[in-house]
Amino acid sequence: MKLLDLDFVLTSDRSMITDHHRKEFVGFMTTSPPIILPSFLWRWIAAPKPKIDEYGRPLIAPYGMRKVEASLVKAGFKAAIIDPSKLKPYLKKVKAVMVGHHDYFGVNPPSVQWWMLFGREPMNRVELFKLMSLLKYAKEHINKDLIIVAGGPAAWQWIRFPKLREYFKVDVVLEGEAEEAVVDLAKKILNGEEIPDHIEVKPKDAPENIPTIIRPSVNGLVEVSRGCPRGCKFCPVTLRRFRHFPIDMIKKEILVNKRFGIDQVILHAEDVLLYGANNIIPNPDAVLKLNKMALETVKDVGWSHAALATVVVAEKRFKLMTKLAELFNEHGHDYFGFQTGIETGSPRLASIIMRAKAAPYPPEKWPEVVEEAFGILHDLRIVPASTLIVGVPGEKDEDVVKTIELVERLKPYRSLIIPLLFVPMGLLSNKDWFKSYEMKEVHAELFSVCLKHTLRWAPEIAKWYVKDSKNPFFKFGVIAFIKLAQKISEKIDANVILESVKKAKEQKREGIYKEEMFQAVPA
Ligand code: SF4
């Protein structure tokens, strides 16, 4: 392999540097330990190795890392993203290695709950430990001056788990929007100045100079807006300033991906339907213009997230959902989907933890808003992959019962519904994780109802989702996994889930499920 002359390498582990066979949703498999399928097949489906050039640069990399790479290159630094399998020779000579991740230690949703429920560490944590062990080795034996910087959306985990930080010898933790802060840091490193061990970019200091990416992002993901105006207490996005990127800049990034053969885009925002809006009322012209541009530029267009209240107001006031579905249909897309949060079916809890989630409707109307949005989406063949939050501080049994009732009412609507155990983030970051052994009967019932709902709709959704995949083994793997999961789920009801909770409780007695579990260093 030829080596580039670099001062900074950016990297992550295999669970991040992969295109998941160009199916973003398959990426969720990296948050679980292998189940049902053999480990090698699980890993191959979840995170295949991408194409790598003669210098060790992966064809694709996570979008956030591409932004940091572009910031450094634009500022004149010698920097590039290098695949984890090709890092070693670079570690001898670079000044710093910068690592990014969505969930370093498998403690975010949903990783942490698969870890607790299946009793084994999730794939992303296992892969990260492999990468960090290499960096630690390099720092101890190959390049003693090597500086290790950890950033990205999960940077907070290095602060929360100091033992792991100490063990892996991470010098700097960079939290928040990094585009400008990383340039200052790189200057200090090159000049041999003292560097801070923790940099936190607050919303008031959010960067103004955000460059366009220069090499492709995973699955053509391109950010259209940053932040969210709804301010849910449990959400880290609440701490980001709400703004949108110009359509020309978005198109330029789509074309960067296309130039490298990625004829698709995932429009990324916390709520794509709020693109161009000042608050929680959509700007229909901006949303239509954005989607039209994307559909005319690349073959496949998808969305990352949208909010259910925006779906309702967009359709009622502007017929926007209908117009968007027609636009997608004209370009040959009979279905499309996005991720969204239901979180709870309890008006009481919604009023406490997410007062603006239902806006412009009152929080007490949240269950009705969810039902109405699901109805609109079902009729237009738009598929919400939705999540619930379980065990949020202050939750009562009657709240969970309301959520079960809501999920039951959502049965006729094509969708996925995944319950997630509470993780302390956003304004609730001082709280503790909700552990699987804390689950009560009512939670087990909720998990059982969601499992049945999701597996009822999964085969139809999966067939559509993988229909254009050119890899027959991948298609077969996904369909076979769902069929097997369906078979197994026939035997799973609330009692079976309660049994597994009982087991988790026993394991806690043996000392496995202590808080310390999260920051246990590799054996
Ligand atoms: S609506 Fe979604 S992205 Fe916005 S604050 Fe709430 S949970 Fe976060």
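Visitor: Where does Lys319 lie, and how do you know where the helices on either side are?

Guide: Lys319 lies in the loop between α11 and α12 (320-330). Helices are DSSP runs of H or I with at least four residues, strands are runs of E with at least two, and both are numbered from the N terminus. Lys319 is not a glycine, yet its phi is positive, about 55 degrees. The model is predicted: local features need pLDDT of at least 70, side-chain atom pairs count only at pLDDT 80 or more, and totals for chains, interfaces and linings use all residues. Residue numbers run from 1 along each chain as its sequence is written.

Visitor: How do you know at what angle α11 and α14 pack?

Guide: Lines are fitted to the C-alpha atoms of each helix over the stretch in contact, and the angle, from 0 to 180 degrees, is taken between N-to-C directions. For α11 (residues 308-318) and α14 (residues 366-379) the angle is about 65 degrees, and the axes are 8 Å apart.

Visitor: What makes residues of α11 and α14 count as meeting, and which are they?

Guide: Two residues are in contact if their C-beta atoms, placed from the backbone, lie within 7 Å. Leu308, Ala309, Val311, Val312 and Glu315 in α11 meet residues of α14 that include Val369, Ala373 and Ile376. Ala, Val, Leu, Ile, Met, Phe, Trp, Tyr, Cys and Pro count as nonpolar, Asp, Glu, Lys and Arg as charged, and the others, Gly among them, as polar.

Visitor: Why are β7 and β11 said to stand at the edges?

Guide: Two strands pair if DSSP finds at least two bridges between them. An open, parallel sheet of three strands has the order β7-β10-β11. β7 (221-223) and β11 (300-303) each have a single partner strand, so one side of each lacks a neighbour in the sheet. Three bridges join β7 to β10 (residues 264-268), so this pair meets the requirement of at least two. The bridge partner of Glu223 in β10 is His268.

Visitor: What makes β1 and β2 a pair?

Guide: Three bridges join β1 (residues 8-11) to β2, and the two run parallel, so they too qualify as a pair. Phe8 has Ala79 in β2 as its bridge partner. Both strands belong to an open sheet of six, ordered β2-β1-β3-β4-β5-β6 with parallel pairing. Its edge strands are β2 (79-81) and β6 (198-200), each pairing on one side only.

Visitor: How do you know which residues surround the ligand?

Guide: A residue is near a molecule or strand if its C-beta atom, placed from the backbone, lies within 6 Å of it. There are 12 residues around the ligand, the closest being Cys228, Arg230, Cys232, Cys235 and Glu270. By class, the shell has six nonpolar, three polar and three charged residues.

Visitor: What divides the chain into domain 1 and domain 2?

Guide: The bounds come from an automatic or database domain assignment, which gives domain 1 as 8-203 and domain 2 as 218-379. Their contact takes nine residues from domain 1 and 10 residues from domain 2.
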